[in-house]
Amino acid sequence: MRLDDRKWKIFNAIIKTYLETGEPVGSRTISKYADLNLSSATIRNEMADLEEMGLIIQPHTSAGRIPSDAGYRLYVDQLMQEKDQEAKEMTELLIQKQDRMEAMLKSVVQVLAKDTNYATMISAPVYHRTKLKFIQLSILSEDQLLAVVVSEANIVKNKILNMDHGLDQEMVLKLNILLNTSLNGMAIEEINLGLIARLKEQAGIHSEVISKVLDTVAESIQNDEELEIYTSGATNIFKYPELSDSGKASELIRAFEGKQELAQFISETSENNDENTGIQVYIGNESPIQTMKDCSVVTAVYDLGSGVRGTIGIVGPKRMDYQKAMDSLKSLKSQLDAMFDDAQGNDVR
């Protein structure tokens, strides 16, 4: 069933108003919508057409209109189509950004190694304290739901939820409204036990859906994926006699090639300096990584906004040129911001 633009706007206003108030909706209420600019008489005529089409009904004489089952079906189908398309576009955009970002970071770390003559590393951006943007539940089968969770930084998490009993479209719509009204714009730390209890109570026999969706939200907001790290200049270590000992050098190079210790280093130092996005210097035993006890490590956190952060690092001897290392990292921090903005602009265009 297709509606022209005016009928759709009026129908959509009736649906949304009824969902909010639970009361039959009259033409005078609809006429107050700023984007309609229609008289009550015109709205009444359009409502009569919608009623004839079976999309709205009049529960009793002289009352406003409420959605019919067919009206709910049209609204839900349209809503699901819009959200599915939005999630698909966000996923495609994210993939494009990741490809661009990977090429950018590889170039940055290579230039940094060449300019400093030290070993260098850079982590891909991860998302800290990200807030929830929206949740979309869709029916896949009688006992399965698809949960699409989109965070503030447009990170999309899809998860299939296995259910003990099925849900109809009307209940899924109500759960979508309940979840988005209660959770949108919230960080994971703000979703407390009291809120969870209220959501489960409102969901009634479908409280299991709330638990499973909240698990998906936590997975989406709290990035548990393996930290991606790009390195360059590992062989620069051999330029410094105090590090060129075969045992020390091989351990450092192995750490750079394996990247697990680098990921551990970045994770530990990020936790200790969560609010600090400036320059950090770790000398010798100050490093949490055993293989770097004979080195100095200079790091900086680049912040791309919306909770998106990564770490740039330089590893060299304790007698490194600290001033040059710090200046290089400061310069890169500002360059990364500009490069990321350009990448976003290209995606939009």
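Predicted model: local features only at pLDDT ≥ 70, side-chain atom pairs only at ≥ 80, totals over all residues.
In soluble globular proteins, nonpolar side chains tend to be buried together. The largest nonpolar core of the model comprises 26 residues, and Leu137, Leu183 and Ile191 have the most contacts inside it. At least two residues of this core come from each of β5 (132-141), β6 (144-151), α5 (169-183), α6 (193-203) and α7 (207-221). A further core, of 24 residues, lies apart from it and includes Phe11, Ala13, Ile30 and Leu50.

With neighbours within four places in sequence left aside, Leu137 is in contact with Leu146, Ala147, Val172, Leu175, Asn176, Leu179, Val209 and Val213. One of these contacts, Asn176, is a residue of helix α5. Asn176 counts as buried because its relative accessibility is 5%, under the 20% limit. On the same terms of sequence separation, the contacts of Asn176 are Ile135, Gln136 and Leu137.

In helix α6, the buried residues include Leu195, Ile196, Leu199 and Ala203. Viewed down the axis of α6, the buried residues fall within an arc of 100 degrees and therefore line one face of the helix. Leu193 and Glu201, on the other side of α6, are exposed.

Side chains of opposite charge can pair when their charged atoms come close. The model has 10 salt bridges. Asp4, Arg6, Lys7, Glu46 and Asp49 are linked in a network of such bridges. Arg6 is partly exposed, at 40% relative accessibility, whereas Glu46 is buried, with a relative accessible area of 5%.

Lys7 forms a salt bridge with Asp4, and here the closest N and O atoms are 3.9 Å apart. Lys7 counts as buried, at 14% relative accessibility, while Asp4 is partly exposed, with a relative accessible area of 41%.

A salt bridge also joins Arg73 and Asp77, whose closest N and O atoms are 2.8 Å apart. Both residues lie in helix α4 (residues 69-116), four residues apart, or about one turn of the helix. Arg73 is partly exposed, with a relative accessible area of 35%, and Asp77 is partly exposed, with a relative accessible area of 36%.

Note on methods:
Residues numbered from 1 in each chain as written. Heavy atoms only, no water. Core = buried A, V, L, I, M, F, W, Y, C linked by side-chain atoms within 4.5 Å. Buried < 20%, exposed > 50% of the residue type's maximum accessible area, 1.4 Å probe, protein only. Contact = heavy atoms within 4.5 Å. Arc of directions from axis to C-beta. Salt bridge = Lys/Arg side-chain N within 4 Å of Asp/Glu carboxyl O.
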